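Please read this report with the sequence and the model side by side, and look up each residue as it is named.

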Amino acid sequence: LGTEGWCAIFAALRDNKENKIESWDLSGQGINAEIAKVLVEYLSASAVLTTLDISRNEIGEKGAAAIAEALRGKEVTTLAPSETGSIV
């Protein structure tokens, strides 16, 4: 999908209050630091996501830290971290 495609998807989901995605495997999807910024916006708005796999992407340490912050206080029970940035 590339940067433009993923950013459009995450922005649309962020703005859709009817979003019901509970589990998302984004492993190896080419998620980079730029995409991670919009992913963070979506994660902050999502009330139902409980499982997220972002392994095998190049989100970097800043992207990983932003994702961890967006998930703080959420009920995400399963998280597969990126290999290029850890999420604790």
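## A report on the model

T3 is partly exposed, because its relative accessible area is 25%, where buried means under 20% relative accessible area, exposed over 50%, and partly exposed in between (1.4 Å probe, protein chains only). This is a predicted model, in which local features need pLDDT of at least 70 and side-chain atom pairs count only at pLDDT 80 or more, while totals for chains, interfaces and linings use all residues. Residues are numbered from 1 along each chain as its sequence is written, and side-chain values use heavy atoms, with hydrogens and water left out.

**Helix α1**

T3 is found in helix α1, and the names of helices and strands follow DSSP runs, numbered from the N terminus (helices are H or I with at least four residues, strands E with at least two). Leaving aside neighbours within four places in sequence, T3 is in contact with N32, E34 and I35, contact being heavy atoms within 4.5 Å. From T3 to A36 there are 33 residues in sequence, and their C-alpha atoms are 9.6 Å apart in space. D15 is also found in helix α1, and D15 is exposed, with a relative accessible area of 52%.

The table sets out some pairs of residues, with their separation in sequence and their distance from C-alpha to C-alpha.

| Pair | Apart in sequence | Apart in space |
|---|---|---|
| T3 and A36 | 33 residues | 9.6 Å |
| D15 and A45 | 30 residues | 8.1 Å |
| L79 and I54 | 25 residues | 7.8 Å |
| S44 and T3 | 41 residues | 19 Å |

**The sheet**

In what order do the three strands of the open sheet stand? The order is β1-β2-β3, and the pairing is parallel, where two strands pair if DSSP finds at least two bridges between them. The edge strands, each of which pairs on one side only, are β1 (23–25) and β3 (78–80). From one strand to the next, the twist averages 5°. Between β1 and strand β2, which covers residues 51–53, the parallel pairing runs over three bridges, and W24 stands opposite L52 in β2.

**Helices α2 and α3**

The 13 residues of α2 should span 18 Å at 1.5 Å a residue, and this agrees with the model, since the end C-alpha atoms of the helix are 19 Å apart; the expected span is 1.5 Å times one less than the number of residues. Helix α2 (residues 33–45) packs against helix α3 (residues 60–71) at an angle of about 5°, and their axes are 9 Å apart. Here the axes are lines fitted to C-alpha atoms, for helices over the stretch in contact, and angles run from 0 to 180 degrees between N-to-C directions. That angle makes α2 roughly parallel to α3, a description that covers angles under 35 degrees, with those over 145 counting as roughly antiparallel, those from 65 to 115 as roughly perpendicular and the rest as oblique.

Which residues meet where the two helices pack? From α2 come A36, L39, V40, L43 and S44, and from α3 come G63, A66, I67, A70 and L71. The residues of this contact between α2 and α3 divide into eight nonpolar, two polar and no charged, with Ala, Val, Leu, Ile, Met, Phe, Trp, Tyr, Cys and Pro counted as nonpolar, Asp, Glu, Lys and Arg as charged, and the others, Gly among them, as polar.

Within α2, the buried residues include I35, A36, V38, L39, V40, Y42 and L43, and what covers the buried residues of α2 includes α1 (2–15), β1, β2 and α3. S44, which lies in helix α2, is by contrast partly exposed, with a relative accessible area of 43%. Not counting residues up to four places away in sequence, S44 touches A70 and K74.

**Two loops**

Is S27 buried or exposed? S27, placed in the loop between β1 and α2, counts as buried because its relative accessibility is 11%. If residues up to four places away in sequence are not counted, S27 touches D53, S55, R56 and N57. R56 has its place in the loop between β2 and α3 and is exposed, with a relative accessible area of 53%. Although R56 is not a glycine, its phi is positive, at about 60°.
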